[in-house]
Amino acid sequence: MTTTIPQQPTPAGAEPGGALLEARGVIMRFGGLTAVRNVDLTVNKGEIVGLIGPNGAGKTTFFNCLTGLYVPTEGTVSYQGTVLPPKPHLVTKAGVARTFQNIRLFANMTVLENVLVGRHTRTKEGLLSAIVRGPGYHRAEAQSRARAMELLEFTGLADKAEHLARNLPYGEQRKLEIARALASEPGLLLLDEPTAGMNPQETRATEELVFAIRDQGIAVLVIEHDMRFIFNLCDRVAVLVQGEKLVEGSSDVVQNDERVIAAYLGEPFDATSQDDTAARETPGTDQAEGTTSEQENDR
Ligand SMILES: Nc1ncnc2c1ncn2[C@@H]1O[C@H](COP(=O)(O)OP(=O)(O)OP(=O)(O)O)[C@@H](O)[C@H]1O
């Protein structure tokens, strides 16, 4: 994996510091069930923020509210001071990209093609241009392919560019999801359980990748059940329990908070333990999800 990625001009381009994403009073109800209860969360430029909590705490539902998949019952979500439209493709266009807990790749397309799909919000050539296939179209396509290859280099997948996505090992499918999300040139990347189903080596590599993404000026909000991953990586961690934000603070503060230990960790997190299984909560994912399915983020 290379550790540099040439910067692209992006509407999400951000100066260091200051609020990037601001969720205020977000409530999400499904009939009689309140999955997210009045949650406030800010992600600042240059930050890696973790979102943790037990299975069913409302983490993915909250992500869905942030990215336009769900329209919150109440509350607002702003990005760079502007309220985000409740449409996933417009949220992506505004500069917020995401990956999914259940991998959503185009299984029968190549690795490169999957990344090219991720660029569609950044290509200016319209339908007419695509039909006529004039010089503008060919120039834009060449630029997109070059950028997609850069992203595959960055994520360590360049040598698999022509492989079908469904033939990649599970850990590489997760990396490809990240590469595809980066293809939209986001200012903020939301990762939903990026290490689910990975072995410890793949998890450590993903940690490096997330640091490298942040070093490119892209803020990251990440849901994970692997506490070593979260506490190593995050500048700040928010804990959701039964839809409510229980605690928010630095990794040190959160891992030692009695309420977090009682509601989620079970026992104090031992950063010195070399036993990766001990550092890993039971992920709330269905491990059978390793099969790929069509992308739904434009729903
Ligand atoms: N579309 C939906 N309709 C009805 N209930 C839903 C829907 N989506 C989520 N829920 C419910 O909302 C609650 C929160 O679920 P959510 O998936 O957000 O939790 P989570 O913290 O992401 O859990 P996990 O760690 O297991 O992924 C659960 O009780 C879930 O059953």
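How many bridges join strand E9 to E10, and do the two run parallel or antiparallel? Five bridges join E9, residues 236-241, to E10, and the strands run antiparallel.

Some ground rules. This is a predicted model: local features need pLDDT of at least 70, side-chain atom pairs count only at pLDDT 80 or more, and totals for chains, interfaces and linings use all residues. Residues are numbered from 1 along each chain as its sequence is written. Helices (H or I, at least four residues) and strands (E, at least two) are DSSP runs, numbered from the N terminus.

Now the sheet. It is open, has six strands, and its pairing is mixed. The order is E6-E7-E8-E3-E9-E10. Two strands pair if DSSP finds at least two bridges between them. At the edges sit E6 (96-98) and E10 (244-249), each pairing on one side only. From one strand to the next, the twist averages 20 degrees. Angles here run from 0 to 180 degrees between N-to-C directions, and axes are lines fitted to C-alpha atoms, for helices over the stretch in contact. Back to E10 for a moment: there, lysine 245 is the bridge partner of leucine 240.

Helix H1, residues 59-66, touches E3 (48-52), E6, E7, E8 (219-223) and E9. Contact means that C-beta atoms, placed from the backbone, lie within 7 Å. The direction of H1 makes about 150 degrees with that of E7. Helix H7, residues 200-215, touches E3, E7 and E8. Its direction makes about 150 degrees with that of E8.

How covered is H1? Eight of its eight residues are buried. Buried means 20 or more other C-beta atoms within 10 Å of a residue's own, again placed from the backbone. Among them are Phe62, Phe63 and Leu66. Just after H1, glycine 68 takes a positive phi of about 85 degrees.

Next, leucine 188, in strand E7 (188-192). Why is it called buried? Because 25 other C-beta atoms lie within 10 Å. Tyrosine 79 is 109 residues away from leucine 188 in sequence, yet 9.1 Å away in space, C-alpha to C-alpha.

Last, a helix pair. The axes of H3 (111-118) and H6 (170-182) come within 7 Å and cross at roughly 35 degrees. From H3, Val111, Asn114, Val115, Val117 and Gly118 take part; from H6, Leu176, Ala179, Arg180 and Ala181. By class, that contact has six nonpolar, two polar and one charged residues. Here Ala, Val, Leu, Ile, Met, Phe, Trp, Tyr, Cys and Pro count as nonpolar, Asp, Glu, Lys and Arg as charged, and the others, Gly among them, as polar.

Notes:
Two residues are in contact if their C-beta atoms, placed from the backbone, lie within 7 Å. A residue is buried if 20 or more other C-beta atoms lie within 10 Å of its own, exposed if 12 or fewer, and partly exposed in between; C-beta atoms are placed from the backbone.
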